[in-house]
Each structure stands twice: as C-alpha cells, then as structure tokens.
Amino acid sequence: TFTINAKAITVTANDASKTYGENDPELTATVNGLVGQDTVEYTVTRAEGEDVNTYAINVTGEAAQGNYTVTYVPGTFTINAKAITVTANNAEKTYGENDPELTATVEGLVNGESENLITYNVTRIPGEDVGIYAINVTGEAAQGNYTVTYVPATFTINAKAITVTANDASK
C-alpha cells in the first residue's frame, strides 16, 4: 500500500493600509506551498470600520482542497489619519477701531464632514500701534481621523486718516 497524504499549505492575508477617506485597496493574500500550477480558492475580507484604527484582514476557504490541507493566516488593515490644514485668515483694521473677528479656514476634510469637527483657537499678537502683527491658529495636532497642520496669517493695523483744518489767521 502506498499512501499519498495531503500537503499542508498556508494562505496568508497581506497587510494593507489606506488614508482616512480613501477607498480600500484590493485585498490580497499569498499562498505558500503549492505544487506547480495548482491553485486553491479563498476569500479575503476585512473587518468593518472606516475610522482611523487597525482592523483584521481575514482570509477564509475550505480546510481541505484537493491535494492540500489549508491553514489561513489573518493580516492587518490600517486606516491612517488624513492630513488637513487650518489656515488663519489675514485681517486688518484702522488704528483706534475694535478688532474684527479672527477666523480660519479648514481644508482637506472628507466625506462632507463639517469643519466643526476640528477644534482650534485663533488669536493675534497684542498691540494697537500701526503695524503688522501675527495671527496664530493653534489646536491639537491629532483630532479624530485627522492630523492637523496650523498656518499663521497677518493682522494689519492701518493708519487712521485725519483732517487738519488751519484756523483763519486774518481774524
């Protein structure tokens, strides 16, 4: 009697990643131990979730396929934070007036998300004389599914126009 036993092979899910808001890449696996042009069937899926995190990539199929016994090894799917920018808007006033509201613009949000998701403060360097002052925007570097870069702007205090009227010297 001559016995041919099934050969043990492995199907290993390949690790994958994407940036938050992007479509998933194609999920793949590597098969080790096949002979010649033989193939085995399997399915590669990942755990649900779209937030920045690490998720399991599962590879599944029949344990016995033809001349093979198959072991399935999971992988890791990582969703990385998306880089966005919060840029302070330039502002100005005339000497002696109250400061206007200082604002900033958020760029790079995805999925129609509101800029209210990002918390930041806009302030300016103190001073009331005519000149140029920095407007700073600050906040946490990592917020939810985003990494945030803050870009400063300028605040200009312009000279106030005044009218000087000379008195009539003939009186």
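**Salt bridges, sheets and a core in a predicted model**

A search over the whole structure turns up 8 salt bridges. By salt bridge I mean a side-chain nitrogen of Lys or Arg within 4 Å of a carboxyl oxygen of Asp or Glu.

Before the details, some ground rules. This is a predicted model, in which local features need pLDDT of at least 70 and side-chain atom pairs count only at pLDDT 80 or more, while totals for chains, interfaces and linings use all residues. Residues are numbered from 1 along each chain as its sequence is written, and side-chain values use heavy atoms, with hydrogens and water left out.

Back to the salt bridges. Side chains of opposite charge can pair when their charged atoms come close. One of the pairs is Lys-18 with Asp-24, where the closest N and O atoms are 2.7 Å apart. For accessibility, buried means under 20% relative accessible area, exposed means over 50%, and partly exposed is in between, with a 1.4 Å probe and protein chains only. Lys-18 counts as buried because its relative accessibility is 4%. Asp-24, at 35%, is partly exposed. This pair belongs to a network of salt bridges that links Lys-18, Asp-24, Arg-46 and Glu-50.

Another pair is Lys-93 with Asp-99, at 2.7 Å from N to O. Lys-93 has a relative accessible area of 5%, so Lys-93 is buried. Asp-99 is partly exposed at 34%. Then there is Glu-128 with Arg-124, at 2.9 Å from N to O. Arg-124 is buried at 13%, and Glu-128 is partly exposed at 43%.

Next, the strands. Helices (H or I, at least four residues) and strands (E, at least two) are DSSP runs, numbered from the N terminus. Two strands pair if DSSP finds at least two bridges between them.

In what order do the 4 strands of the open sheet with β3 and β6 run? The order is β3-β1-β7-β6, and the pairing is mixed. The edge strands, each pairing on one side only, are β3 (29–32) and β6 (64–65). β6 pairs with β7, residues 68–73, in the antiparallel sense over 2 bridges. Within that pairing, Ala-64 has Thr-69 in β7 as its bridge partner.

β6 also holds Gln-65. Is Gln-65 buried or exposed? Gln-65 counts as buried, because its relative accessibility is 15%. Contact here means heavy atoms within 4.5 Å. Setting aside neighbours within four places in sequence, Gln-65 is in contact with Val-40, Glu-41, Val-70 and Tyr-72.

β4 and β5 form a hairpin with 6 residues between the strands, and in that hairpin Gly-49 takes a positive phi near 145°. β4 covers residues 43–46 and β5 covers residues 53–60; the two run antiparallel and are joined by 4 bridges. Thr-45 stands opposite Asn-58 in β5. β5 is also joined to β8, residues 75–80, by 5 bridges, again antiparallel. There, Ala-56 has Thr-76 in β8 as its bridge partner.

Another open sheet has 4 strands in the order β10-β16-β13-β12, with mixed pairing. Its edge strands are β10 (91–94) and β12 (121–124), each pairing on one side only. The twist averages 20° from one strand to the next; axes are lines fitted to C-alpha atoms, for helices over the stretch in contact, and angles run from 0 to 180 degrees between N-to-C directions. β13, residues 131–138, and β16, residues 153–158, pair in the antiparallel sense over 5 bridges. Ile-132 stands opposite Thr-156 in β16.

The loop between β11 (104–107) and β12 contains Asn-111. Most residues other than glycine have a negative phi, and most peptide bonds are trans. Asn-111 is a residue other than glycine with a positive phi, near 60°. Asn-111 counts as exposed because its relative accessibility is 58%.

Last, the core. Which residues have the most contacts inside the largest nonpolar core? They are Val-86 and Ile-135, and the core has 36 residues. A nonpolar core is a set of buried Ala, Val, Leu, Ile, Met, Phe, Trp, Tyr and Cys residues joined through side-chain atoms within 4.5 Å. Leaving out neighbours within four places in sequence, Val-86 has contacts that include Ala-104, Val-106, Ile-118, Tyr-120, Val-137 and Val-148. Thr-105, Thr-149, Tyr-150 and Val-151 are also among the contacts of Val-86.
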